[in-house]
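Q: Hey, can you walk me through this one? I'd like to go bit by bit.

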Amino acid sequence: MAEPTIYEISSPGRVGFRFPACDVPETALPTGLVREDLPMPEVAELDVVRHFTNLSHLNYSIDSGIYPLGSCTMKYNPKINEDVARLPGFAYSHPLQPVETVQGNLAMMYELQQWLCEISGMAGVTLQPSAGAQGEFTGVSIIRAYHLSRGDAKRTKIIIPDSAHGTNPATSSMNGFEVVGVSTDANGNVDLDSLKSVLDDTVAGLMLTNPNTLGLFDQNVEEVVRLVHEAGGLVYGDGANLNALLGIVRPGDVGFDVMHFNLHKTFSTPHGGGGPGSGPVGVAKHLLDFLPTPVVGIIEEGDEELPPLYGFDTPKQTIGRVKAFHGQFGMIVRAYNYISMHGPDGLRDIAECAVLNANYLLARLRDTYHVPYGRHCMHEFVMEGQLDGAPDVHALDIAKRMMDYGIHPPTNYFPLIVHEALMIEPTETESKQTLDHLTDVLIKIAGEARTNPELLHAAPHNTPVGRLDEVRAAKELVLCCWLPEKI
Ligand SMILES: *Cc1c(COP(=O)(O)O)cnc(C)c1O
């Protein structure tokens, strides 16, 4: 790393503070309390400010540039969400407080549950799960509990199309189900013949990512749902990428039985460097009794003089708790603020602009890059990162070269059904100028790939860290790259 560390800046005797003259008698510190051998940097305030400011600039973030990471919906998170989440009534409440003392918080959670129902066409929602994948786990547990409650124990399989998100099969097998794959047809839809060939009375359900990981809306979705229901299975909708559907299609109306939302994608809460996500789950009427406990409910109706009293309900056949307390409360506040800020028409605008932006990029790039499933896309699309006339250049090289132009690479090598995949999701919050810049860069890189492939193989050149051995980096993780000499 080129940046000097704060120890290298250190200079004997330099300080960033001054104590007032001592006005109490001096005494020696107890022996053994001071570690003489602990190296401490001796720096001025400005050294410290510059050191940490420079460090903070080493991170790429949505606040510094476009982040077209397909499937992840890296949209701008409005800063007003942060202010609202820090209001003392939200920030300083405790999950163990008596419900009478947190009525405002419960009213907000209740309303968010209602809004997510309204947006999705589902009958009930739990806000508990703390990520999309945990929402999936919750939803598939509900499917399991539903069949078992009917004495139907022979249903041991979950069907998953090969265009699904990778978490779907993981979720199913964690719930003890056998995963059965079905293929994708030439239009990027679930192959109906492939689906029919695996449907029988051992099928517990099907998990459908729609739009799928090709960024396409399944044109046969109603038929898929009908076929699975006819076989006695339930249909799980992976709604992590609801950004294309907001205000346009409600999964509940299409017949989905259970689904999850990703507040940290669609509803603009931070993805947060490993920090809290939030994956609420919605269910249709026949699954309400299986929701995790507790759900926020009205425990005493209000009247003209008194507001309703909110509290916690336990669904009759609940699968139990999936998360401590009540979910990622701070994320719930942010999503609530985002939805109330936009209202129904604003949510629809979000979806329309997300789809428009993705199709604009697709239209500008398709003459340069091969797009195997090339019909109109939803919020994202997948192109091949291998070009005619540049056989040795791979998706990874293109992704790394993008970093030299100050752009975060798209998702690559996913989905697996596209050769050398580059999965691009611009989101609705990017301007035409930014989209044009992204396409100009990608077109320029395609030219470089043909004339100077070595430039791409060695990229990135302008970043604090060059090309990494990603396998080694994952297997032999070094979290601290610098230690002072004496330790
Ligand atoms: C992101 C994503 C998930 C998983 O969500 P996490 O919050 O990362 O666990 C599941 N399905 C799809 C389609 C996604 O894009």
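Predicted model: local features only at pLDDT ≥ 70, side-chain atom pairs only at ≥ 80, totals over all residues.

Q: OK, so which side chain does glutamate 136 meet in a polar contact?
A: That's asparagine 168: the two side chains are joined by a polar contact of 2.9 Å.

Q: And is glutamate 136 buried or exposed?
A: Buried, because its relative accessibility is 2% and the cut-off for buried is under 20%. Glutamate 136 sits in helix α6, residues 132–149.

Q: What else does glutamate 136 touch?
A: Leaving out residues up to four places away in sequence, it touches Thr167, Asn168, Thr171, Met207, Tyr236, Asp238 and His260. There's also valine 281, which is 145 residues apart from glutamate 136 along the chain, yet their C-alpha atoms are separated by 7.9 Å.

Q: Where does threonine 138 lie?
A: In helix α6. Threonine 138 is buried, with a relative accessible area of 0%. Its side chain reaches the backbone oxygen of glutamine 134 at 2.8 Å. Setting aside neighbours within four places in sequence, threonine 138 is in contact with Pro129, Val281, Pro292, Ile319 and Val322.

Q: What backbone oxygen does the side chain of serine 120 reach?
A: The one of leucine 116, at 2.7 Å. Serine 120 is in helix α5, residues 103–120, and is buried at 0% relative accessible area. Beyond residues up to four places away in sequence, serine 120 touches Arg250, Pro251, Gly252, Met259 and Phe261.

Q: Switching topic: how many salt bridges are in the whole structure?
A: A search finds 19. In general, side chains of opposite charge can pair when their charged atoms come close.

Q: Which residue does aspartate 47 meet in a salt bridge?
A: Arginine 14, at 3.2 Å from N to O. That pair links distant parts of the chain: aspartate 47 is in helix α2, arginine 14 is in the loop between α1 and α2, and they are 33 residues apart. Aspartate 47 counts as buried at 17% relative accessibility, while arginine 14 counts as partly exposed at 36%.

Q: What about glutamate 223, which residue does it form a salt bridge with?
A: With arginine 226, and the closest N and O atoms are 3.0 Å apart. Both are in helix α9, 3 residues apart, so about one helical turn separates them. Glutamate 223 is partly exposed at 26%, and arginine 226 is partly exposed at 40%.

Q: Which residues are linked in a network of salt bridges?
A: Arg364, Lys432, Asp436 and Asp440. Asp436 is also one of the buried residues of helix α13.

Q: How far apart are the end C-alpha atoms of α13?
A: They're 29 Å apart, which agrees with the 28 Å that its 20 residues should span at 1.5 Å a residue. The buried residues of α13 pack against α11, β10, α12, β12 and α14.

Q: Last one: what domains does the assignment give?
A: Domain 1 covers 80–341 and domain 2 covers 357–472. About 1500 Å² is buried between them, with carbon and sulfur atoms giving 59% of that.

Q: How many salt bridges are counted between domain 1 and domain 2?
A: The count is 0, but 5 residue pairs are in polar contact across that interface.

How values were computed
Residues numbered from 1 in each chain as written. Heavy atoms only, no water. Helix = DSSP H or I, 4+ residues; strand = E, 2+ residues; numbered from the N terminus. Expected span 1.5 Å × (residues − 1). Buried < 20%, exposed > 50% of the residue type's maximum accessible area, 1.4 Å probe, protein only. Contact = heavy atoms within 4.5 Å. Domains from an automatic or database assignment. Buried area = accessible area lost by both parts, 1.4 Å probe. Salt bridge = Lys/Arg side-chain N within 4 Å of Asp/Glu carboxyl O. Polar contact = N/O pair within 3.5 Å; in protein donor to acceptor, adjacent residues only side chain to side chain.
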